[in-house]
Amino acid sequence: MSLNQKEQSLIQDLQEQEKLCIQKYTRYVEQAHDQELKNLFDTLRENEINHYKALEQLKKDSTTQPDVKHLDAAKYCPKSTYTSESNSREKEDDAYLCTDSIATEKMISTSYNEDLFQFSSTVVRDTLNQIQTDEQNHGEMIYKYKTANGMA
Ligand SMILES: [Fe+2]
Ligand SMILES: [Fe+2]
């Protein structure tokens, strides 16, 4: 069973959003001051590339479940670089990158949640559901970083 035109264009749109995430995290790896945050953004970037590829595979073959690699937010324990008392420019900049990233994750997570209702294939629904969980995990990991660094 292949995707109809509407389904194809929904996948295409999700890919555009993933591309934006990849571009954003590529920039944020450069822009972040704290090495711990750079590492986090780099990990998330890798995961967004995996999402993009999974969607690409669905466009070609909607009957085989792509391999979605999950990050375990529960196991993420970021080390603290900033204290809750510090008011440095670096901390302020890094906090902004985090807040902006969480907003992006929230938005893309909503897109997956809404779009998956439009697909007839269980394989596609299941894959989109798995990716949506990933996006929530991304948001949780960034939130954990903020909490550990007195930003939340
Ligand atoms: Fe993603
Ligand atoms: Fe994400």
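This is a predicted model: local features need pLDDT of at least 70, side-chain atom pairs count only at pLDDT 80 or more; totals for chains, interfaces and linings use all residues.
## Ground rules

Local features need pLDDT of at least 70, side-chain atom pairs count only at pLDDT 80 or more, and totals for chains, interfaces and linings use all residues. Side-chain values use heavy atoms, without hydrogens and water, residues are numbered from 1 along each chain as its sequence is written, and chains are lettered from A and ligands numbered from 1 in the order in which they are written.

Which residues coordinate the iron ion (ligand 1)? They are Glu18, through two OE entries, Glu48 (OE), His51 (ND1) and Glu135 (OE), at 2.0 to 2.4 Å. Donors are N, O and S atoms within 2.8 Å of the metal (3.2 Å for Na, K and Ca); water is not among the atoms, so sites may look incomplete. The donor residues follow the spacing E-x29-E-x2-H-x83-E in sequence.

The site links distant parts of the chain. Glu18 sits in helix α1 (residues 5–31) and Glu135 in helix α4 (residues 122–148), 117 residues apart. Helices are DSSP runs (H or I, at least four residues), numbered from the N terminus. Glu18 and Glu135 are buried. Buried means under 20% relative accessible area, with a 1.4 Å probe and protein chains only; exposed is over 50%, and partly exposed lies in between.

The iron ion (ligand 2) is held at 2.0 to 2.4 Å by Glu48 (OE), Glu105 (two OE entries), Glu135 (OE) and His138 (ND1). Here the sequence spacing is E-x56-E-x29-E-x2-H. Glu48 coordinates both iron ions, which are 3.9 Å apart.

Why does the pair Glu48 and Glu105 tie together parts 57 residues apart in sequence? Glu48 lies in helix α2 and Glu105 in helix α3, so the pair ties those parts together. Glu48 counts as buried because its relative accessibility is 0%. Glu105 counts as buried too, at 2%.

## The nonpolar cores

A nonpolar core is a set of buried Ala, Val, Leu, Ile, Met, Phe, Trp, Tyr and Cys residues joined through side-chain atoms within 4.5 Å. The largest one has 19 residues. Among those with the most contacts inside it are Leu37, Phe41, Met141 and Tyr145. Helices α1, α2 (35–60), α3 (89–115) and α4 each supply at least two residues of this core. The largest share, 4 residues, comes from α2.

Take Met141. Leaving aside neighbours within four places in sequence, Met141 is in contact (heavy atoms within 4.5 Å) with Leu40, Leu44, Leu71, Ala73 and Tyr76. Another core lies apart from the largest one. This other core has 16 residues, including Ile11, Leu58, Tyr112 and Val124.
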